[in-house]
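Here are some notes for a first reading of this entry. Please keep the structure open alongside them.

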Protein chains: 2
Amino acid sequence: MMGSDSRPPTLEQVANYAGVSRATVSRVINGVQTVDPELRRTVERAIAATGYVPNLAARSLVTRRTDSIALVVSEPENRGYETPFLTRTFTDPYLGRVTAGAQEVLRPLGIHLVIFLADPPARSHVLRYLRQGHVDGALLISSHVDDPLPGLLVDLGVPVVLSCRPGQPVNTSFVDVDQRAGARMAVDRLASLGRRCLATITGPLDMPAAQDRLAGFQDAVKAHDLTHTHVEGDFTRGGGERAARSLLSTHPETDGVFVANDLMADGALRVFQEAGRRVPEDVAVIGFDDSTAALECHPQLSTVRQPVEEMAGEMAELLLTRIREPARSPRSVIFNPELILRASA
Amino acid sequence: MMGSDSRPPTLEQVANYAGVSRATVSRVINGVQTVDPELRRTVERAIAATGYVPNLAARSLVTRRTDSIALVVSEPENRGYETPFLTRTFTDPYLGRVTAGAQEVLRPLGIHLVIFLADPPARSHVLRYLRQGHVDGALLISSHVDDPLPGLLVDLGVPVVLSCRPGQPVNTSFVDVDQRAGARMAVDRLASLGRRCLATITGPLDMPAAQDRLAGFQDAVKAHDLTHTHVEGDFTRGGGERAARSLLSTHPETDGVFVANDLMADGALRVFQEAGRRVPEDVAVIGFDDSTAALECHPQLSTVRQPVEEMAGEMAELLLTRIREPARSPRSVIFNPELILRASA
DNA sequence: ATGAAAGCGCTAACAC
DNA sequence: GTGTTAGCGCTTTCAT
């Protein structure tokens, strides 16, 4: 059967065993229809008997496909966050949702999704991996304006789809949610609740998503003619706490806060409550993402939902068509956010 | 230069360009020392000029190596957790630390680490990926006693190292921390604080790690002759909250709690405080892991530290030697835990 | 419908 | 120290 010491069986051995040619076995394996059902049966038995597994290197040497694509999470440089990149990445529910959404479309196609974390020390490795043709293309989660990775990959000719609007123009597809609209929905809600002194805790302002959410906040706040301020956070729970503390001391009159993601909102919630503020009575809080963190908050968090899984699925589909038809010009897809009302606002 | 439309340059083209044989170019690429420095220079120029990148499929077809190894996170079946596997996995800081630790040893060797999440729908895919020789071996994070994956991989002849003591005996190496000793350290501390009514919030008891921590708790509690009880949790923050609530109602006299991981401890802390218990005055709490969550707790969490990064590094090293010398018999490595004292106990 | 044969791009003996 | 040569295991025309 397997012969764990000697070499694994090859197509040729299966062919001999079945008494047919290599070509026939290959056809059976690849599901080509023009094979006599009887013969096919024979071959299948031979495959089972020998324990044959196709050698991928050999196959992709000739097909130039690998049937796997990379999910690359990029971090352009160390920005002195308290928690290191890897921990931060893996603590953010966002990535899990992206993975699930992409798998959903890739799995039925038999395409493998391999995950890479490209922090600065790993970057050159990941680049090499992608250049060497280990994968057919990449889904790139890159959130910083000055991240060189999108440009590098496109220049290298690696088919790529980005997870959001790139900071610098890059000639490739991306998928994004209408961030400004989402922020506006949050402000509209706070305004309808009668809040007059609004604040927003933003993400790092070198991220397009953070910029867009802030811009949407400012648009809406002006439209409603409300008092407003903003504090920059870093998308982590701890960052949310710090921002909330700073807000409390500089703008104690604040009665409504739009926080640019749920994780920070959770941190902010705790700080407000420790300071004796009731949520939502004294301060109404709205988050962004509708991640699992939103449900873990006390009170549960009203938040702007982005359909992350669907967006990731769309990324996968865009990438697949890009791989199949490299000549076609890149197209991007924008999704609508949705306001989810819970207890915090 | 790159010629993005036509095929990428091959070794042969570089050889022609440089006016040498393929073998020489190959030697330069692979850093073989027996090459005339002058020629080497020439070849390097040719490589740069042509923009040559080695074709991995071709290489691994002959070398039978891929220079990449998989980090597989396995979940044997859906157990009705509130949060889905992917989210849960990516929300747990543990995985980030494992990744970092493994990268530390793999990176200098030029070996790629690719991450796979093997929940039930993905399992067969991941298995196929590994069988097909996409990677040279796998680091397997598998925590359930009845997870079939370790056995399957070993039977398939895939070199594997496990992240903790396997539930069923499997003939392969593993790395683990001395879980029982860790639990004992926590109890010793609580006892030394004068706590008499102890409780533990365990992990899912179908995980060896959870079993071991509970066993250690029970050993120590008996040694100190203390009142004790336990509630089963699920290693999530929400699970910690639920367990703490149940504890509060069934054993309100509890004055010391050992929680089997930091995430649950964070949840428990919140519940205790919402119920008006002061930590550590009324209830002392000790976690396990010393993950970033421990620092985000209020008050900061005393906890049992396992050197996850080092352990992951050791896993990588064990795997590498297993790949190099498949005949050598598997060896396992046990690390010592360390009690980290902060504010909660 | 099936088989024969020609590579895919690279490494590793082996000669020189 | 360098070149020649023989595959690695597979897919894919092209005949038949």
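**Notes on the model**

1. Among contacts in chain A between residues at least 6 apart in sequence, 72% join residues at least 24 apart. Two residues are in contact if their C-beta atoms, placed from the backbone, lie within 7 Å.

2. This is a predicted model, in which local features need pLDDT of at least 70 and side-chain atom pairs count only at pLDDT 80 or more, while totals for chains, interfaces and linings use all residues. Residues are numbered from 1 along each chain as its sequence is written, and chains are lettered from A and ligands numbered from 1 in the order in which they are written.

3. Chain A contains 14 helices and 12 strands (DSSP runs, H or I of at least four residues for helices and E of at least two for strands, numbered from the N terminus). Its radius of gyration is 25 Å, well over the 20 Å that the globule rule gives for 345 residues, so chain A is more spread out than a compact globule. The radius is taken over C-alpha atoms, and the rule is 2.2 Å times the number of residues to the power 0.38.

4. Around DNA strand C there are 27 residues, the closest being A:Asp36, B:Thr10, B:Leu11, B:Ser26 and B:Ala58; a residue is near a strand if its C-beta atom, placed from the backbone, lies within 6 Å of it. α4(B) gives the most to this surface, with five residues.

5. For DNA strand D, the nearest of the 27 residues are A:Leu11, A:Ser26, A:Ala58, B:Ala23 and B:Asp36. Here α4(A) gives the most, with five residues.
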